[in-house]
Amino acid sequence: MVRTMSGIQPTGNLHIGNYLGALVNWVALQQQYEAFFCVVDLHALTQRPDPVALRRAVREVTIGILASGVDPDRATLFVQSHVPQHAELAWILSCLTPLGDLNRMTQFKDKSGNQPENINAGLFTYPILQTADIVLYRAERVPVGEDQEQHLELARETVRRFNHVYGDTLPEPQVVKSHAPRVMGLDGETKMSKSRNNEIGLFETAEETLQKLRGAKTDPARLRRSDPGNPEVCNVFAWHGFFTPAAQRAEIDAGCRSAGLGCVDCKKMLAANLEQVKGPIRERAAVLREHPQRLDEILAAGAAKARAAAEVTMELVRGRIGLRAAAAGSGQP
Ligand code: AQP
């Protein structure tokens, strides 16, 4: 069965960008492929998190993944650091990755701009660990948001380089495009991010969401309620695209253009529709929080399955590069 692999960083509270850009896809992919989904805590270390906060975020992100519909009986759900082969393979791949390739990564420039006081080497080599995450499971389908496409291309390049140097060993991963590759934040200017304070949280209550939406940027032409607007330049209308049925969206579109509908009403409608999706997720998350042992069991079972799959790849890789005897029948001395 073809495999898919993806991860989310435990760097804060999950938001609707993570939900639309990643989790909705994961729920669909687990039906079609053998899925490996991972809470990538090693990646989160690039932000030097507080240890207590990191442990808490790992659990909360896992809860969010499960509450959004990832089924641990279908998909292998685990924490990256519970599988030590990720770090081992990342080192091996880093010895194959030219500095020039890493220098081209725009996310490094963005992220180092966000944390100028902590531009660490892990931030720079982050895409190599990401490549290891994928390759370790021989994943051939990888769902990515817009910001990750460049990293996936680097992963493909690394696989080609490995296969060229050591012989055909690893499959080249293909992109699975998201239907929401870049959900914008409340500021309407930057990508919604856990660490930018511009997010609508997945677990927020209806009141909290409405409160945040009140401050969300809309069409700048609508200074007064009587000003007609252009829905296509309004971030709030873009969110309606994901949560609002087509007929209601058409009404909002017409109301905005004719100034018959104010921005406040438009935001209230969005908050109500968001709640239709977020309410059941919040309820499932509350149940999961009441059963911490169940969460531990899911993650332990996931880690055991992931370690077994990872070890198969690592044995092959170690043999190819000369760290162990080559596998029987591999044609290698
Ligand atoms: N705004 C977004 N729109 C669409 N997809 C998004 N993703 C994240 N933000 C958006 C997708 O969610 C998955 C997990 O992302 P991540 O946590 O590994 O890292 P990220 O992309 O850096 O997410 P954040 O929220 O912006 O985290 P921080 O603030 O810690 O950097 C990925 O598939 C991503 O594309």
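Colleague: What should I know before we start?

Modeller: This is a predicted model, in which local features need pLDDT of at least 70 and side-chain atom pairs count only at pLDDT 80 or more, while totals for chains, interfaces and linings use all residues. Residues are numbered from 1 along each chain as its sequence is written, and side-chain values use heavy atoms, with hydrogens and water left out.

Colleague: How do you know where domain 1 and domain 2 lie in the chain?

Modeller: Domain 1 covers 3–184 + 292–321 and domain 2 covers 206–287; such bounds come from an automatic or database domain assignment. The C-alpha centres of the two domains lie 33 Å apart.

Colleague: What makes up the contact between them?

Modeller: Ten residues from domain 1 and ten residues from domain 2 take part, where contact means heavy atoms within 4.5 Å. On the side of domain 1 that touches domain 2, eight residues are nonpolar, two are polar and none is charged. Nonpolar here means Ala, Val, Leu, Ile, Met, Phe, Trp, Tyr, Cys or Pro; charged means Asp, Glu, Lys or Arg; the others, Gly among them, are polar.

Colleague: What does the buried area between domain 1 and domain 2 come to?

Modeller: About 830 Å², with 77% of it on carbon and sulfur atoms. That is the accessible area (1.4 Å probe) lost by the two parts on being put together, summed over both.

Colleague: Why is the pair of Lys191 and Asp147 called a salt bridge?

Modeller: The term asks for a side-chain nitrogen of Lys or Arg within 4 Å of a carboxyl oxygen of Asp or Glu. Lys191 and Asp147 meet at 2.9 Å, N to O, so the pair qualifies. The whole structure has 25 salt bridges, yet the count between domain 1 and domain 2 is zero.
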